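Dear colleague,

Please find below the structure that I am handing over to you.

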Amino acid sequence: MEAASMSQAAFAEKVGLTPDKLSKSLAGVRRFSSLDLALIAEAGGRTVDWLLTGREPLRPSFAARTTAGSAPRRDRVSDAADRFTAAYEVLELLGRPPKLPPLPSPRSDLDRFVDQGKRLAQDAVDVLTAAGESRPVADLETDVLITECAQLFGVDVSVTRLPDGVDGLTWQTDAFRLILVGPTETWTRQRFTLAHELGHILARDAQDLVVESHVAPGRQKDLTEVRANVFASNLLMPEPEIRHRFRQVTDRHSKLTDEAFAKLVVAFKVSPSALAARLSQLRLIDAQSAPHFRGLTTETCHLLAGATDAFQRQLAWAAAERFPVRLVAALYQAYADGETTLRPLAALMGMDVDQLHDLLDPAEPDTPEPLAGEAEEGDLVFQP
């Protein structure tokens, strides 16, 4: 009130309280409700956390892991992360923090990071297949995989615009686990990035905000990056499933054909480069064949396999933005229960609060009253 040079009565009117209620609350006679605090924070340009504690919002520190080009501007990266961390702070203050199920534990008895990545991937596959009634991970569309990450690992995933050159952001605290990936036309990279970032969370690498660009198999030197890549490869292309499907497409041929390879690309929803590297690693193809298969494109493989519809579906999905369902639902429920305003949800979604309000609660159209003595004609019509 002092900063805004407003009287107590004027401020009370601005935040929707009676002067008497505000006076009693400031005197300690009446408790502020969570909605009161949200309205006061909104009117004063502060956060509820600041009102309660005097603390500025949590700001991410960076563990930048970029492999090509210059590092993205930190202020733009911070802006992308801040929208989500502010939403988590609101839910925590309202006593509605997201549920965080226990995660598979990293194997400290395994010295090699490669072995740790393999074991973590096996543990994750076990969790995913158990929940899906033994459905292979390769059969999960990327949107289904994201939903499973939220339900089984407590990881909120958003497809949202990121600074140029950034493929993904990962951050975990005691209160949340977050993965951000950018919309893209290279949908196989987006899927691999998602698995890679999940590997960081399961390995407990993302205590600081991890900023990554150009995630790709076999191109990182940082050991934690190697572990995350190994995890992603083993999660998306588990060895037993690779060997099983490889036998299926090569039963009638002495060697792997382009058409058979294309079927595997479609089945595992990965890039030809990632699949060729995995097959070579498992010694299912020789070193001379790998460069040829690596040179194919994802679109060509889908054409060879007669799966252009699947390619277009994945392409359309990967290019669309998506907000974490749990986070959006929790903020909306808090608003519906009268515990906060729509501002936290609008800020998360990057929307104007009035626009969001109009979308969620559109005004009733003005309907002229019938004139005296005029009867309304016609039957009611059902409109879905």
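Arginine 245 is buried in this predicted model, with a relative accessible area of 14%, because buried stands for a value under 20%. Its partner is aspartate 139: the two side chains meet in a salt bridge, with 3.0 Å from N to O. Aspartate 139 belongs to the loop between α6 and α7 (142-153), whereas arginine 245 sits in helix α10 (residues 239-250), so the pair ties together parts that are 106 residues apart in sequence. Aspartate 139 itself is partly exposed, at 28% relative accessible area.

A second pair consists of arginine 96 and aspartate 337, whose closest N and O atoms are 2.6 Å apart in their salt bridge. This pair links distant parts of the chain, 241 residues apart: arginine 96 is in the loop between α5 (74-93) and α6 (113-131), and aspartate 337 is in the loop between α16 (325-336) and α17 (343-349). Arginine 96 is partly exposed, with 22% relative accessibility, and aspartate 337 is also partly exposed, with 41%. Together with Glu339, Arg96 and Asp337 are linked in a network of salt bridges.

A further salt bridge joins the side chains of arginine 30 and aspartate 36, at 2.9 Å from N to O. Here arginine 30 is partly exposed, with a relative accessible area of 23%, while aspartate 36 is buried, with 7%.

How many salt bridges are counted in the model? The count comes to 14. As a general point, side chains of opposite charge can pair when their charged atoms come close.

With kind regards

Terms used
Residues are numbered from 1 along each chain as its sequence is written. This is a predicted model: local features need pLDDT of at least 70, side-chain atom pairs count only at pLDDT 80 or more; totals for chains, interfaces and linings use all residues. Side-chain values use heavy atoms; hydrogens and water are left out. A salt bridge is a side-chain nitrogen of Lys or Arg within 4 Å of a carboxyl oxygen of Asp or Glu. Buried means under 20% relative accessible area, exposed over 50%, partly exposed in between (1.4 Å probe, protein chains only). Helices (H or I, at least four residues) and strands (E, at least two) are DSSP runs, numbered from the N terminus.
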